[in-house]
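Dear colleague,

I am passing on to you the structure below, together with its sequence.

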Amino acid sequence: MKGFGLLFSLGLLLVVAIKSGNGYIHTSIRYTNVLRSFSKRFKSRQNLDITSDGNDENYTRWFEQPLDHFDPQNLKHWKQRYFVNDKYFDRETGPVFLCVGGEGPALTPSAVTENNVHCSLMVKLAKKKKALIVAAEHRFYGKSIPTDDFETESLKYLSSQQALADLSRLHEYISTEYKMGEKTRWVAWGGSYPGMLASFLRLKYPRLIWAAVASSAPVQAVANMVGFNDVVAESLSTEVVGGSLECRNAIRLAFEQLGTFLHNHRGRRMLEKKFNVCAPLSLDDRRNQEVFAEALTYVFPLQSNDPSCDGKYCNYGKICKLFTDESVGEPLERLIRLVQADSVADSCIQISFARELAQMKDTTLEGGQGRVWMYQTCAEWGFYQTCDPGTKCVFCNEPHLNNLQSYYDLCKRVFGISGNQTEEMIKFSNEYYGGNSPQGASRIFYINGQVDPWRSQSVQKTINDDLPVLFVPGASHHFWTHPAQKTDSPDIVKARQTIVDQVEKWLNIKNDDSNITGNEKYDLHLVIK
């Protein structure tokens, strides 16, 4: 949920892990080649602190799944990777804690041994509750690849409904393997897109899942996600993370100045020189301007703000000190300084929409991973992080480059999915899952951070006592799911304890029938034709 997205880390295209002081936050980025050409933060994803190669035999398992749960005529199968830690499990009284995988970063055995950004708190509580710890990859991510390529015909088997059905069958298998009775309670955990899935799993399979913890879960699908950059703007003026109204206005003015220069020949030549663009005249092409302007937004932490990070301009507080420092020059000069600080030495910025499009059309398993989450946005969720005039967005909106039609155009070019089809699927997703007003749901805990742009699509108001919400001041995208650090704010520490208290409260409920909500639907499956 890669911004999942990254930045899940939900948005468009590639889920990218960007290093922060307290782990790796996934973000969704449309254009990746341009960032790969110059950005230190982007390149840092190459150095992820993965504790194993993902094949530790002590924890790694494989389970055969149907390719299509909804077509009995399709007899093809594939193997899903999952991880199990039964070191603390009490078969008589212990629950099962399920860490739901999603679009990235990839799960490894560390997902069931605590040192992981996905479900660290879950593992810590599992020790206390003597729970079986399970983590399952999502089809088409990590090493759980059902097909030989990422052709559009193959990706039709990629959907949240198929993924939930995978988890349902895995639940049945593990329950049998460990000889569990009906009284064994499962709790699903996830952050970002996996947080969405954790909540949907409880909603659609209430007989299987006792409760769910949905961290930073943008459950309300939307095409034009203006709320994302609206929250970014609010974050830039949030004092608790070092923001200010002065900072926010300076950044807005920097991008206004950028837009003015994009409008004329002389201005474009100046921008190419100042920002060290590789090819002369690159910015004369409007789609290249789109790539350029959008790439500049990702030098900001957006969803990944970490107050304790040690980079020069790695969080809102440090960036705002730069943008409120008039000695650096005009606001645009301050933006140039920020980009230079994030640039690898002797590198230039490669601006080429054609190159980006070719990357998106790569259908090989080796080079086409970026297509996978992009397909889900086109076929289920939208989540297009536009910068429209009249919104709070501080980035470039004149010329209006980052607009909804530009995303629809990519869906059409890459997958043959029209904007109307995407809107139809978004409507279906919200009707099927209930969006941010789920009906008949219970025992789902929605947690959101103040400076997380994805909260705009989550459940932020308590619907009833069985669907509590928690707002974490100063927190970015599911920051509390990361391994605890000494630098964590009191609000992060308090949030973790609140989650623990709520889960323990639900586990202590005497047996009742409130888990039978009538929401189990195994046959409703919509695919774009």
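Since this is a predicted model, please read everything below as computed from that model. The count of salt bridges comes to 18. As a reminder, side chains of opposite charge can pair when their charged atoms come close.

One of these salt bridges is formed by Glu153 with Lys156, whose closest N and O atoms are 2.7 Å apart. Glu153 counts as exposed, at 52% relative accessibility, because the cut-off for that word is over 50%, whereas Lys156, with a relative accessible area of 29%, is partly exposed.

Another salt bridge brings together the side chains of Glu234 and Lys392, at 2.8 Å from N to O. This pair links distant parts of the chain, for Glu234 sits in helix 7 (residues 226-236) and Lys392 in the loop between strand 10 (382-384) and helix 15, 158 residues apart. Glu234 is partly exposed, with a relative accessible area of 25%, and Lys392 is partly exposed too, with a value of 35%.

A further salt bridge is that of Arg268 with Asp284, where the closest N and O atoms are 2.6 Å apart. Arg268 belongs to helix 9 (residues 265-274) and Asp284 to the loop between helix 9 and helix 10 (286-297), so the pair ties together parts that are 16 residues apart in sequence. Here Arg268 is buried, with a relative accessible area of 14%, while Asp284, at 35% relative accessibility, counts as partly exposed. Beyond such pairs, there is one network in which Arg30, Arg287, Glu290, Glu294, Asp409 and Arg413 are joined by salt bridges that share partners.

Next come the cysteines. A disulfide is a covalent bond between the sulfur atoms of two cysteines, and the structure holds six disulfides. If the bonded cysteines are counted along the chain, the pattern reads 1-2, 3-7, 4-8, 5-6, 9-12, 10-11.

Cys247 and Cys320 are joined by a disulfide with an S to S distance of 2.1 Å, and with -75° about the S-S bond this link is left-handed. It connects distant parts of the chain, since Cys247 is in helix 8 (residues 245-262) and Cys320 is in helix 11 (residues 316-323), 73 residues apart. Cys247 is buried, with a relative accessible area of 0%, and Cys320 counts as buried at 3% relative accessibility.

A disulfide also joins Cys378 to Cys411, with 2.0 Å from S to S, and this link is left-handed, with -85° about the S-S bond. Cys378 lies in helix 14 (residues 370-381) and Cys411 in helix 15 (residues 404-415), so the pair ties together parts that are 33 residues apart in sequence. Cys378 is buried, with a relative accessible area of 0%, and Cys411 counts as buried at 0% relative accessibility.

The disulfide between Cys387 and Cys393 has an S to S distance of 2.1 Å. The torsion about its S-S bond is about -105°, so this disulfide is left-handed. Cys387 is buried, at a relative accessible area of 1%, and Cys393 is buried with a value of 1%.

Cys396 itself is buried, with a relative accessible area of 4%.

Finally, please look at strand 4 (residues 77-85), which is mostly covered, with seven of its nine residues buried. Strand 3 (residues 60-66) runs antiparallel to strand 4, and seven bridges join the two; within this pairing, Arg61 has Tyr82 as its bridge partner. Strand 4 is also joined by four bridges to strand 6 (residues 132-136), again in an antiparallel arrangement.

Phe83, which lies in strand 4, has Ala135 in strand 6 as its bridge partner. Phe83 is buried, with a relative accessible area of 0%. Its C-alpha atom is separated by 7.8 Å from that of Ala111, although Phe83 and Ala111 are 28 residues apart along the chain.

With best wishes

Methods:
Residues numbered from 1 in each chain as written. Predicted model: local features only at pLDDT ≥ 70, side-chain atom pairs only at ≥ 80, totals over all residues. Heavy atoms only, no water. Buried < 20%, exposed > 50% of the residue type's maximum accessible area, 1.4 Å probe, protein only. Pairing = 2+ DSSP bridges. Disulfide = S-S within 2.5 Å. Salt bridge = Lys/Arg side-chain N within 4 Å of Asp/Glu carboxyl O.
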